[in-house]
Amino acid sequence: MTAVNEHSILDAQSSDLTNYERKQSLTEAFGSKKKKRAMRAMESNTISAENITGAEAINHVVANMSKTQSPSAGGTQDDDSSTIINAAQQAIEMQRRQMLPMYETTATSLSEAYPIQGLVPSGVYHGLKEWVEGVVAELSGEGEPVLSSLAGDWEDKLAKEGAPQMVLSLVAQTFAQHSSKPAELKRKLCHLLLYTCLLRFCASMIDRRRPMDKDELAKELMNPPPQVLRHITDAFAVHKKTNGKSAFVGTKALADKVLMHTMVLGLHLSDSNLDISRLSEDLKITTPRLNTIAREIGCAVNKRSDASFSGGTAYDAHIVLPLKFPEGRKKKGGGRK
């Protein structure tokens, strides 16, 4: 018997170990590869404070409960319950801050509630601006570029690139609203190009199991500037290596996150309203799922009759200010039977 195994047996026989710890020690020493994999899988699936989102807030509060809520300090059971509820609320708020763009709950305008800087960082905007200028030069040919006269050309170009209907429906509106202010029109076109990339990213990556390599993804997003592609993949995808090449794959949490950011940017481009049914058709995502995301970003969802959609029903969402986010579902009396 080797020294390693002798120590393992002594460790496993120690009276300080629990039955589970003895089993773990013996499995590591003598178990087959299959047994060891099963043991590690069981450990990785164990729920602990370290792998629960927002647990830091709960740990901080619970660690102080014995001091601040003890009977000697005048605390009561009601105080304990209130503290735990507050900790849970803090955890939810932490998770919301991780998922949503930068927001301010007391703001009374969309631009203040969801500042555009939280959706379009300065470095990304610089890349988008160069992209817009390149498109303007391409569409203008040898003539003097007059941005406000290019609405039809922009729509045709985006249509040829396979832009979603949501984007095409916004082109004419964007030009009409901002044609007298070239700098503002250019800024809005930057946002519109990012919106196009995000919508195409959602359509390509959400619920996708196979990783998409960098070149493939760039082509799908209309070959955006490097800083734009990097921003999207860093924020909304998991990096992998496939055959020595960079590749990306999504997760359920990241899918929800990119939908939230995309829909908030859509609100900025469409006068604080979103056509959920049109978005559902573009992304091939069910309206109930999108309605849920809309409520999570602070929107109210309305149903209307529209014969152009399946079932003759369509859904719209509009932002409600100041922001109010959904509360957790309350248990009904009697609990589950």
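In this predicted model, Arg 304 finds its bridge partner in strand S6, at Ala 314. Seven bridges join S5 to S6, the strand covering residues 313-319, and the two run antiparallel.

Aromatic rings come next. A pair of aromatic rings is described by the distance of the centres and the angle of the planes. The structure holds two aromatic pairs. In one of them, the ring centres of Tyr 103 and Tyr 114 are 6.4 Å apart and the planes stand at 65°, so the pair is edge-to-face. Tyr 103 sits in the loop between helix H5 (77-99) and helix H6 (110-113), while Tyr 114 sits in the loop between H6 and helix H7 (122-140), so the pair ties together parts that are 11 residues apart in sequence.

Tyr 103 also forms an edge-to-face pair with Phe 325, at 5.1 Å centre to centre and 70° between the planes. This pair links distant parts of the chain, 222 residues apart, with Phe 325 in the segment after S6. Together, ring pairs link Tyr 103, Tyr 114 and Phe 325 into a cluster.

How buried are these rings' residues? Because buried means under 20% relative accessible area, Tyr 103 at 4% counts as buried, and Tyr 114 at 0% does too. Phe 325 is likewise buried. Finally, Arg 97 lies over the face of Tyr 103, at 3.9 Å from the ring centre.

Conventions:
Residues numbered from 1 in each chain as written. Predicted model: local features only at pLDDT ≥ 70, side-chain atom pairs only at ≥ 80, totals over all residues. Heavy atoms only, no water. Pairing = 2+ DSSP bridges. Helix = DSSP H or I, 4+ residues; strand = E, 2+ residues; numbered from the N terminus. Phe/Tyr/Trp six-rings, centres within 6.5 Å; stacked < 30°, edge-to-face > 60°. Buried < 20%, exposed > 50% of the residue type's maximum accessible area, 1.4 Å probe, protein only. Lys NZ or Arg CZ within 6 Å of the ring centre and 35° of its normal.
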